[in-house]
Amino acid sequence: MTKALIGLFIGMILGGLCPISLPASYTKLFSVVLLVALDAVVGGLRAALNDRFSDTVFITGFLTNALFAAFLVFLGDRLALDLYYVALLVFGFRIFKNLAGLRRHLLKFL
């Protein structure tokens, strides 16, 4: 768990120091992938606090969710529909659900 938090902290510092500009055509995809990553991190933290964390489940879940969300964005662009809203809604809901679980777990200790 410590290595993951250190890696997250280093990644945040490097991300802040290295300005990267994305083309406007990638903004929908980037927003969905960002939420997928946040969902994976928060879900991983919740699983770790409940002693149910598995590297395999974490990696496969992240990759599967990222690929499916990217597919939704791609399909939505081809059909001229905003399907990325579906992915944003689902992953946003999952993030808040996992945060609520984290909060309940941490409140047990207070």
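Contact means that heavy atoms lie within 4.5 Å. By that rule, Asn98 touches Asp39, Val42, Gly43 and Arg46, leaving aside residues up to four places away in sequence. This is a predicted model.

**The nonpolar core**
- Eleven residues make up the largest nonpolar core.
- Its members are Val32, Leu35, Val36, Ala66, Ala69, Leu72, Val73, Tyr84, Ala87, Phe91 and Ile95.
- Three helices each supply at least two residues of this core: H2 (27-49), H3 (55-79) and H4 (84-107).
- Val73 is one of the core residues.
- Not counting residues up to four places away in sequence, Val73 touches Lys28, Leu29, Val32 and Tyr84.

**Asn98**
- Asn98 lies in helix H4.
- The relative accessible area of Asn98 is 12%.
- Buried means under 20%, so Asn98 counts as buried.

**Aromatic pairs**
- The structure holds two aromatic pairs.
- One of them joins Phe53 and Phe58.
- A pair of aromatic rings is described by the distance of the centres and the angle of the planes.
- For Phe53 and Phe58, the distance is 5.7 Å centre to centre, and the angle between the planes is 45°.
- This pair is tilted.
- Phe53 has 40% relative accessibility, so Phe53 counts as partly exposed.
- Phe58 also counts as partly exposed, because its relative accessibility is 28%.
- Both values fall between the cut-offs of 20% and 50%.

Conventions: Residues numbered from 1 in each chain as written. Predicted model: local features only at pLDDT ≥ 70, side-chain atom pairs only at ≥ 80, totals over all residues. Heavy atoms only, no water. Core = buried A, V, L, I, M, F, W, Y, C linked by side-chain atoms within 4.5 Å. Buried < 20%, exposed > 50% of the residue type's maximum accessible area, 1.4 Å probe, protein only. Helix = DSSP H or I, 4+ residues; strand = E, 2+ residues; numbered from the N terminus. Phe/Tyr/Trp six-rings, centres within 6.5 Å; stacked < 30°, edge-to-face > 60°.
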